[in-house]
Amino acid sequence: MRRPKGIKTKKSVAKRFKITATGKVLRSRAGRRHLAQTKNAKRLRRLGKMASVHATDVYRITQNLPFSH
C-alpha cells in the first residue's frame with residue numbers, strides 16, 4: 001500500500017523512544033553518558049534499563065510516530 005502524502009515519522013522522536021507490542025512507550029534514562037566513576041554499580045545498572053514514559057506525554061510521542069502503532 002502506498003504511504004499517504006504528508007505523513008512522516010519524526011526521526012528525532014523515533015531515535016529516542018520505543019513503542020512496545022502492547023502500546024507502551026519506553027525511554028532511556030538520563031545520567032549515564034559521563035561521570036560514571038562517581039556513580040555506583042547498582043545505579044549504573046538501573047540507568048541502563050528502559051523506563052516507561054509518563055501517561056501525559058504518550059499521546060504527543062505517538063502522534064510523531066504514525067507508523068509504529
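**Figure 1. Pairing of strands E2 and E3.** Strands E2 and E3 run antiparallel and are joined by three bridges; two strands are taken to pair if DSSP finds at least two bridges between them. Strands (E, at least two residues) and helices (H or I, at least four) are DSSP runs, numbered from the N terminus. Across this pair, arginine 27 faces alanine 51 of E3. The model is predicted, and local features need pLDDT of at least 70, side-chain atom pairs count only at pLDDT 80 or more, and totals for chains, interfaces and linings use all residues. Residues are numbered from 1 along each chain as its sequence is written, and side-chain values use heavy atoms, with hydrogens and water left out.

Figure 2. Six residues form the largest nonpolar core: Val13, Ile19, Val25, Val53, Ile61 and Leu65. A nonpolar core is a set of buried Ala, Val, Leu, Ile, Met, Phe, Trp, Tyr and Cys residues joined through side-chain atoms within 4.5 Å. Buried means under 20% relative accessible area, exposed over 50%, and partly exposed in between (1.4 Å probe, protein chains only). In soluble globular proteins, nonpolar side chains tend to be buried together. With residues up to four places away in sequence not counted, valine 25 touches Phe17, Lys18, Ile19, Ala51, Ser52, Val53, Val58, Ile61 and Thr62, where contact means heavy atoms within 4.5 Å. Threonine 62, one of these residues, belongs to helix H3. Threonine 62 is classed as buried because its relative accessibility is 13%. Apart from neighbours within four places in sequence, threonine 62 contacts Ile19, Val25 and His69.

Figure 3. One salt bridge is found in a search of the whole structure; the term stands for a side-chain nitrogen of Lys or Arg within 4 Å of a carboxyl oxygen of Asp or Glu. The side chains of aspartate 57 and arginine 60 meet in a salt bridge, with an N to O distance of 2.6 Å. Both residues lie in helix H3 (residues 55-64), where aspartate 57 and arginine 60 are three residues apart, about one turn of the helix. Aspartate 57 counts as partly exposed because its relative accessibility is 26%, whereas arginine 60, at 54%, counts as exposed.

Figure 4. The loop between strand E2 (25-28) and helix H2 (41-48) contains leucine 35. The phi of leucine 35 is positive, near 60 degrees, in a residue other than glycine. Most residues other than glycine have a negative phi. The relative accessibility of leucine 35 is 53%, so this residue counts as exposed.

**Figure 5. Lysine 42 and the extent of the chain.** Lysine 42 is located in helix H2 and, with a relative accessibility of 64%, counts as exposed. From C-alpha to C-alpha, lysine 42 and serine 68 are 33 Å apart in space, and they are 26 residues apart in sequence. The chain contains three helices and three strands, in the order α-β-β-α-β-α from the N terminus on. The chain is more spread out than a compact globule because its radius of gyration is 16 Å, well over the 11 Å that the globule rule gives for 69 residues. The radius of gyration is taken over C-alpha atoms, and the globule rule is 2.2 Å times the number of residues to the power 0.38. The C-alpha trace spans about 50 × 20 × 20 Å along its principal axes. Of the 69 residues, 17% count as buried.
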